[in-house]
Amino acid sequence: MRVLIAFLALSLPGLLPGSSLAGPPVPGISEVSGTIRGGEARVRFTLQNAFTPEMVEALKSGIEITFKTIVEVDRIYRNWFNREMGKVEYTRSVRYEALSRVYRLHRDDGDELLPDVLAALERMTRFEVVVPVTGDVERGKPYRARVRARLDKVGLSEPLRSIFFFSSLWDVETSWARGDLQTP
């Protein structure tokens, strides 16, 4: 009996939140908000805990890191099925160019050169996406954006892709996050 009590007393602190046994922070989407008017919705959000220290080191050594993001805009109906008004898949990647000593951020709307890794990480995690919408937007009616992001391993070279396939440190995928859109 004493052995059981001693075992439970020693193992309990390891199970508490914030203990050393807790894994790395879970990636997620936060601060989903925006506006919808006319034929488009502007959706803002932040990708959190997406870069592990290993990913930052890989980025510094020249490995390109790409995230694919899905943004959906829905018209919300009470006690009925919501209607999807628009959907867009957005790709953003960053790579360190050793010769010019800059980070090249590639977005669907163009490239940007950044001076250091902190600026590159900040630009990779803050989004403002334009989603074309179909149908009429009615003022005062509820609209919602849903966002999900994942690390794209397909863009990696073959040796890296097979190595990272077995590494959980490179399994970055968020769950769906939601936020209300304002109709000005």
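**Core, sheet and rings**

Start with the largest nonpolar core: 39 residues, with V43, F45, F51 and F67 making the most contacts inside it. Strand β8 is the top contributor, giving five residues to this core. Keep in mind that this is a predicted model. As general background, nonpolar side chains tend to be buried together in soluble globular proteins.

Take F67 from that list. What is F67 in contact with, leaving aside its neighbours within four places in sequence? The partners include L47, A50, F51 and M55. Y90, T91, R92 and M124 are also among them.

Nine strands make an open sheet, and the pairing is mixed. Read across, the order is β6-β5-β4-β3-β8-β9-β1-β2-β7. At the edges sit β6, residues 110-114, and β7, residues 126-132, each pairing on one side only. From one strand to the next, the twist averages 20 degrees.

Let's walk through one stretch of it. β3 and β4 run antiparallel, joined by 11 bridges. There, R75 stands opposite R83 in β4. Next, β4 pairs with β5, again in the antiparallel sense, over six bridges. E97 has V102 in β5 as its bridge partner. The hairpin of β4 and β5 has four residues between the strands, and R101 takes a positive phi near 55 degrees there. Then β5 to β6: antiparallel, five bridges. R107 is the residue opposite G110 in β6.

On to the helices. α2 covers residues 53-60, and M55, V56, A58 and L59 are buried in it. Where do the buried residues of α2 fall, seen down the axis? They fall within an arc of 160 degrees, so they line one face of the helix. What do they pack against? The list is β3 (65-75), β4 (83-97), β5 (102-107), α3 (117-125) and β8 (143-151). As for orientation, α2 lies across β3, β4, β5 and β8, at about 60 degrees to β4. Just after α2, G62 has a positive phi of about 110 degrees.

α3 lies across β2 (40-48), β3, β4, β5, β6 and β7. Its angle to β7 is about 35 degrees.

Last topic: aromatic rings. How many aromatic pairs does a search of the whole structure find? Five. Consider F45 and F127. Why is this pair called stacked? The ring centres are 4.8 Å apart and the planes are at 10 degrees, so the pair counts as stacked; the cut-off for stacking is planes under 30 degrees apart. The pair links distant parts of the chain. F45 sits in strand β2 and F127 in strand β7, 82 residues apart. Buried or exposed? Both F45 and F127 are buried.

Compare that geometry with Y96 and Y103. This aromatic pair is tilted, at 4.7 Å centre to centre and 45 degrees between the planes. Y103 is buried too, with a relative accessible area of 6%.

One more point on the rings. F45, Y90 and F127 form one aromatic cluster.

Definitions and conventions. Residues numbered from 1 in each chain as written. Predicted model: local features only at pLDDT ≥ 70, side-chain atom pairs only at ≥ 80, totals over all residues. Heavy atoms only, no water. Buried < 20%, exposed > 50% of the residue type's maximum accessible area, 1.4 Å probe, protein only. Helix = DSSP H or I, 4+ residues; strand = E, 2+ residues; numbered from the N terminus. Arc of directions from axis to C-beta. Contact = heavy atoms within 4.5 Å. Core = buried A, V, L, I, M, F, W, Y, C linked by side-chain atoms within 4.5 Å. Pairing = 2+ DSSP bridges. Axes fitted to C-alpha atoms, helices over the stretch in contact; angles between N-to-C directions. Phe/Tyr/Trp six-rings, centres within 6.5 Å; stacked < 30°, edge-to-face > 60°.
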